[in-house]
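This briefing covers a metal site, helix packing and backbone geometry. Please consult the sequence and structure shown below alongside the text.

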Amino acid sequence: MSTASEYLELVRHLMAAVNGRRIYPPRHPALDRTLSRIEQALHHLMVSRDEVQLGVLGNHLLADGLPWEEQEEPLSLLSQELRSRKIDKLTFQRGFTRTDLDCLLEVLCGDQASPGTLLPESVPVADLLAGRGVSRIRVGHLNLEAEPSALGAAVPSERGAYEDAVSGLSDAMDCASTGRFIRTRQIVTLVESLMEHLARDPAPMLMLSTLRGHSEYTYTHIVNVTILTIAQAQVLTDDPEIIREYGIAAMMHDMGKVKIPKEILDSRARLSEADFELIRRHPIESLHLLRESPGVSDLALIVAFEHHRRFDLTGYPALPAPLPQHFATRVVTLADAYDAMRSNRSYQREVPPEQALQILQQQSGKMFDPVLVRTFIRMMGAFPPGTRLRLDTGEEAMALKANPEDPFRPIVRLVVGTSSEGERLKLVNLAERDPKTGAYLRSATCSLP
Ligand SMILES: [Fe+2]
């Protein structure tokens, strides 16, 4: 049995136990059988590791820090259960006992099974377990820095900052759509939080920006554009003030979209010339809205007005005389185009990342500043962090970090191995060569959807 199927077995049994406990009292034979299966599944997994870890990222369940290939039902059910108990990570350590498993089940759902013993929401599950003397089963937060094995999963604080940015932006756009001032201070705070996370380590944030499961395209797209803008700015300069201004301009650039009816924005049908005209007006609408709001910088106004103009001086709004884009607009435009290509929208399927990279190269010097295209590719590679890849060995991997020297050879973590099960979850540099022949040991053949 492969490690992936052993994990799946474990999750199935955990879900069966959680559901069973809602029907049966503690130590019922049916529950005992399920707990024995959990024990067995854990022992199987612990043959090759000291601990087994399940994590939650959004609606996804992670095994040892890596998302499953397919989020089958038991996986999403368990991730919901854990999320509802504010658990991001569940770790079983070698030496756990059957009593520990009993306690875990009671702590996870004993309160829901017995309405008379409702536990206060505020008591953290970790404390409840500790209070019962359980030390070999731990709950908590994924911590990328402290746990290199968790690489590949964004930590909850990044996720929180991302979600805050999406909801804060949605508030700001609501204000704009109802004719109220945009709360500039709120946008600045959101941008500063994204900056802080990106400065510490860009990988988790970039990974969140590439997750395709987000709803609310308009807001997530703008947050992604902001993340990609800040990440580029951090490569280009050390000056936090410039990075901050670029991030704020990115987050405000599309405010004028609130003036376009939703039916037109989301339309799958061919748009009329009048509809296109309305869409082409949104940079001017953005300019008007931002100009009327207090505390908005000139840079934000410039970027909002220019963001559909191009490096080759074409684009819209049309100008009486050709005027080069501001450098900040070029950074935002690149981020905007890249994320739009990588997003699944009602009228356009997402473009695979390696193809998006090709389009950036084709449009270098036309739509985009060639210097920025090169910087962007060094930063993201053909396979940005979080992309699943097929390798020429038949293995599957997840890209973790771009290789600035070769966009097609990132550092990856093997997700599904071929011959040796021990290779699974191994960190591999795709730039690594066979010392005797000089040939690459592994190469990515394509990204996986
Ligand atoms: Fe736009």
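In which hand, left or right, does α7 pass α10? The crossing of α7 with α10 is right-handed; a crossing is left-handed if the near helix is turned anticlockwise from the far one by less than a right angle, and right-handed if clockwise. The model is predicted, with local features requiring pLDDT of at least 70 and side-chain atom pairs counted only at pLDDT 80 or more, while totals for chains, interfaces and linings use all residues. Residues are numbered from 1 along each chain as its sequence is written, and side-chain values use heavy atoms, with hydrogens and water left out.

**Helix α7 with helix α10**

- Helix α7 (residues 184–200) and helix α10 (residues 240–252) have axes that come within 9 Å and cross at roughly 120°. Helices (H or I, at least four residues) are DSSP runs numbered from the N terminus; axes are lines fitted to C-alpha atoms over the stretch in contact, and angles run from 0 to 180 degrees between N-to-C directions.
- α7 and α10 are therefore oblique to each other (angles under 35 degrees count as roughly parallel, over 145 as roughly antiparallel, 65 to 115 as roughly perpendicular and the rest as oblique).
- The contact (heavy atoms within 4.5 Å) includes Ile187, Val191 and Glu192 of α7 and Ile243, Arg244 and Met251 of α10.
- By class, this contact of α7 with α10 has 11 nonpolar, 2 polar and 2 charged residues. Ala, Val, Leu, Ile, Met, Phe, Trp, Tyr, Cys and Pro count as nonpolar, Asp, Glu, Lys and Arg as charged, and the others, Gly among them, as polar.

**Helix α13 with helix α14**

- Helix α13 (residues 282–292) packs against helix α14 (residues 298–306) at an angle of about 160°, their axes being 7 Å apart; α13 and α14 are therefore roughly antiparallel.
- Among the residues making the contact are Pro283, Leu287 and Arg291 of α13, with Leu301 and Phe305 of α14. The contact of α13 with α14 comprises 8 nonpolar, 1 polar and 1 charged residues.

**Helix α9 with helix α17**

- The axes of helix α9 (residues 217–236) and helix α17 (residues 370–380) come within 10 Å and cross at roughly 105°, which makes α9 roughly perpendicular to α17.
- Leu228, Ala231, Gln232, Val235 and Leu236 of α9 meet Leu372, Thr375, Phe376, Met379 and Met380 of α17. The residues of this contact are 8 nonpolar and 2 polar, with no charged ones.

**Iron site**

- Asp254 (OD), His282 (NE2), His307 (NE2) and His308 (NE2) coordinate the iron ion at 2.2 to 2.3 Å. Donors are N, O and S atoms within 2.8 Å of the metal (3.2 Å for Na, K and Ca); water is not among the atoms, so sites may look incomplete.
- The donor residues of the iron ion have the sequence spacing D-x27-H-x24-H-H.
- His282 lies in helix α13 and His307 in the loop between α14 and α15 (327–342), so the pair ties together parts 25 residues apart in sequence.

**Backbone geometry**

- Tyr316 and Pro317 are joined by a cis peptide bond, with omega about -5°; Pro317 is in the loop between α14 and α15.
- Arg27, although not a glycine, has a positive phi of about 60°. Arg27 lies in the loop between α1 (3–23) and α2 (29–45).

How values were computed:
Helix = DSSP H or I, 4+ residues; strand = E, 2+ residues; numbered from the N terminus.
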